[in-house]
Amino acid sequence: MNQPIRAPRGVKDIIPPDAMRFEGILRETEEILLLGGFQKVLLPLFESASLFTRSIGGETDIVEKEMYTFQDKGGETFALRPEGTASLLRAAIEHRLADISRVSRLFYSGPMFRHERPQAGRLRQFYQVGAEILGPLTPSDDVDLIAIIHRMAVQFRIPEWTLLLNNMGCPRCRPAYRTALVGYLKDHFGELCPTCQRRMGTNPFRVLDCKVPACQPVLEKAPRITDYLCDRSRAHYDRVREELDVLEIPYRPEPRLVRGLDYYTETTFEFTSGALGAQSTWAAGGRYDGLSKDLGGPDMPGVGFAAGIERLWLLREAARTLPGAGLPPIWVTVFPLAPLARPKALRLVTALREAGIPAVGLFTDQKIKAAFRQAEHDRSRFLAFIGEDEVESDTVQLKDLVKGEQVSVPLGDTLEIARRIRMSLLPEEKEHSGSV
Ligand SMILES: [Zn+2]
Ligand SMILES: [Zn+2]
């Protein structure tokens, strides 16, 4: 026996009826962005690997160990996209979708790929919806973007959500902070885990992200970026907080919140939920004023976020706000009782669909019992039989599986068949809507 091939580890099929619900989550999230004036960009699933090493930075987990890179037959090195912001910026620059003279609001959605250890809420292929505002921005744009994610939290009734907020400073104030942080970490070198010891020299801000319990006492007393902000970054942070207060969006200042990607500046934020366990972040983002220039584009600020759809699924499941599967019911199963009836059955199925009636044909050599079984499986309301007699008389037997009635209808009169089907369904729909 051949061994069946399974999906790769950390990669999940989304099967019926979940696939339609999953797409419902994507759609409802995108609708909130469309309301906010964002326009969609469809991005490729793979890019030149250098796009990500240049934007995300070499000393990050993503680039160091999580990227799926490969060489194609031309010898070029590509990577499956581990996130969307770099791709979106690349596209915005390439097609001149944004510059410093006007504000552009763009979004993307789709699968991302990271070679991480799979666990609850963390897959190797996972879906994100993300949005970016590019152009001549002010701190109010940061708040506007946060307000859009807040809208998701409210509309989807995300349980136990918290907004964590920080300001990472800018190229003017961060060097002094970096020096202070590295100095402090050096003083406590022996108390840190090997990863922290290594990152201290390469990407010291990432040390603040460490989850190893033994590192926590040291990290809690580490210097805070908010004590080193320059006047401009301080003013930026104050404005964001004041305006969040105006919108009555609660937040918690989190001075250790430094996003894992190098391109972030100023505002950083995360939406977490106590209902998620270890992987508690369901949306995150921030300001990245240097990214466009780093990628060879205009010197133009940007602010963006990405939300994880699998995590939104878990949260909306907990909140009982998952979208419906929205599957159209099958109304008619057409069953030719003899091989010679198949062409007429095919024509009827096609004609019914043209008339807007969901229909399937069952083309099998099995007996009539199979047709009933199939109709039940498809939750079909009608069975339409065409046997040898019906081929002769050019009719079809239409059986209402709920009422048990069976009538003979001219096969060519699709309108009459459609009318009868709709008539049978109508009173039931009225009763149904009346009782709700
Ligand atoms: Zn600054
Ligand atoms: Zn550590």
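Biologist: Which residues form a nonpolar patch on the surface?

Modeller: In this predicted model, the patch is made of L337, I368, F372 and L401. Together they have about 300 Å² of accessible area.

Biologist: Why is F372 called partly exposed?

Modeller: F372 has a relative accessible area of 35%. Buried means under 20% and exposed means over 50%, so a value in between is called partly exposed. As for its place, F372 is in helix α14, residues 368–377.

Biologist: Now to the strands. What makes β3 and β4 a pair?

Modeller: Two strands pair if there are at least two bridges between them. Three bridges join β3 to β4 (residues 77–80), so the pair qualifies. The two strands run antiparallel, and T69 stands opposite A79 in β4.

Biologist: What is the order of the strands in the open sheet?

Modeller: The order is β2-β4-β3, with antiparallel pairing.

Biologist: Why are β2 and β3 said to stand at the edges?

Modeller: β2 (46–48) and β3 (69–71) each have a single partner strand, so one side of each is left without a neighbour in the sheet. On average, neighbouring strands of this sheet are turned by 35° against each other, direction ignored.

Biologist: Which domains does the domain assignment give?

Modeller: The assignment gives domain 1 (18–173 + 229–318) and domain 2 (332–431). Their C-alpha centres lie 51 Å apart.

Technical notes
Residues are numbered from 1 along each chain as its sequence is written. Chains are lettered from A and ligands numbered from 1 in the order in which they are written. This is a predicted model: local features need pLDDT of at least 70, side-chain atom pairs count only at pLDDT 80 or more; totals for chains, interfaces and linings use all residues. Side-chain values use heavy atoms; hydrogens and water are left out. Helices (H or I, at least four residues) and strands (E, at least two) are DSSP runs, numbered from the N terminus. Axes are lines fitted to C-alpha atoms, for helices over the stretch in contact, and angles run from 0 to 180 degrees between N-to-C directions. Patches are made of residues with over 30% relative accessible area and no salt bridge: like charges are joined within 9 Å, nonpolar side chains (Val, Leu, Ile, Met, Phe, Trp, Tyr) within 5 Å. Accessible areas come from the Shrake-Rupley method with a 1.4 Å probe; for residues, only the protein chains shown count as cover. A salt bridge is a side-chain nitrogen of Lys or Arg within 4 Å of a carboxyl oxygen of Asp or Glu. Buried means under 20% relative accessible area, exposed over 50%, partly exposed in between (1.4 Å probe, protein chains only). Domain bounds come from an automatic or database domain assignment.
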